[in-house]
Amino acid sequence: FLLALVENDGDMASVKSGDKKMSGAAGSPAGTGGGSVLQKISKVLLDLSREKDGGTNSRPLISAGRETVTVDEEKSVRELQELLLQGKRQEACTLAVSRKLWVHALVLASTISAQAYNSILARFALQRFGNGQPLQSLYLLQAKQPSQIFANVAKEGVVMGATPDASPEHHSVIDSWRENLAIMLMNRTSGDANVITMLGDRLW
């Protein structure tokens, strides 16, 4: 029935007069043949939509309420949407990460698997924040990758390659251990006790 309704562009009267029936798993997308039926429905919907838009969709995809929307951002989000319209969720997530569209990447990853979400969250933390920043440490903990917090700290607690005027990429959790300890204590996360112990060992 849904396929017939879509093919008649939502015209219920045409569906009833034509008495069309949907082949395959009409009521169950998970049933035998359900996937191919859903793909056909999706294709019909997109074809009708593009036909009505004259083959192009000139409407802005990102809300005009945003202060600034770059051409590249609009283009990237449109590509993302096209992938999702084809059911390519994994590819869309990969695209979002490559374009640093972190909000989209995290939302999509959360619908793929816990492992995918943790992986994207860790990449976001490492790329978005400077080494040793409390937010980076907290997000790495939540992504279940605590070892990354001490990635550039030598066992004796000295930052590897650091100097008194070291650039941010040479900073570490040791440089801001008070803030890091505070954010972990105030936002308890699974595994944080081990990280707090490791932090103490580095400071000792």
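**Helix packing and the nonpolar core**

Let me begin with H7 and H8, whose axes come within 8 Å and cross at roughly 165°. Angles over 145 degrees count as roughly antiparallel, and H7 is therefore roughly antiparallel to H8. Their crossing is left-handed. Please bear in mind that this is a predicted model.

On the H7 side, the contact is made by Asn 118, Leu 121, Ala 122, Phe 124, Ala 125 and Leu 126, and H8 contributes Gln 136, Tyr 139, Leu 140 and Gln 142. By class, this contact has seven nonpolar and three polar residues, with no charged ones.

The second pair is H5 and H6, which pack at an angle of about 150° with their axes 8 Å apart. H5 is therefore roughly antiparallel to H6. This crossing, too, is left-handed. Among the residues in contact are Arg 89, Cys 93 and Val 97 of H5, together with Trp 102, Leu 108 and Ile 112 of H6. The residues of the H5 contact with H6 divide into nine nonpolar, three polar and one charged.

I turn now to the core. Which residues touch the most other members of the largest nonpolar core? They are Ile 120, Ile 149 and Val 173, out of 34 residues. Elements giving two or more residues to this core include H5 (89-98), H6 (102-112), H7 (114-128) and H8 (134-142). The largest share, six residues, comes from H7.

Finally, Ile 149 touches Ser 137, Leu 140, Leu 141, Val 173 and Val 195, leaving aside residues up to four places away in sequence.

Note on methods: Residues are numbered from 1 along each chain as its sequence is written. This is a predicted model: local features need pLDDT of at least 70, side-chain atom pairs count only at pLDDT 80 or more; totals for chains, interfaces and linings use all residues. Side-chain values use heavy atoms; hydrogens and water are left out. A nonpolar core is a set of buried Ala, Val, Leu, Ile, Met, Phe, Trp, Tyr and Cys residues joined through side-chain atoms within 4.5 Å. Buried means under 20% relative accessible area, exposed over 50%, partly exposed in between (1.4 Å probe, protein chains only). Helices (H or I, at least four residues) and strands (E, at least two) are DSSP runs, numbered from the N terminus. Contact means heavy atoms within 4.5 Å. Axes are lines fitted to C-alpha atoms, for helices over the stretch in contact, and angles run from 0 to 180 degrees between N-to-C directions. Angles under 35 degrees count as roughly parallel, over 145 as roughly antiparallel, 65 to 115 as roughly perpendicular and the rest as oblique. A crossing is left-handed if the near helix is turned anticlockwise from the far one by less than a right angle, and right-handed if clockwise. Ala, Val, Leu, Ile, Met, Phe, Trp, Tyr, Cys and Pro count as nonpolar, Asp, Glu, Lys and Arg as charged, and the others, Gly among them, as polar.
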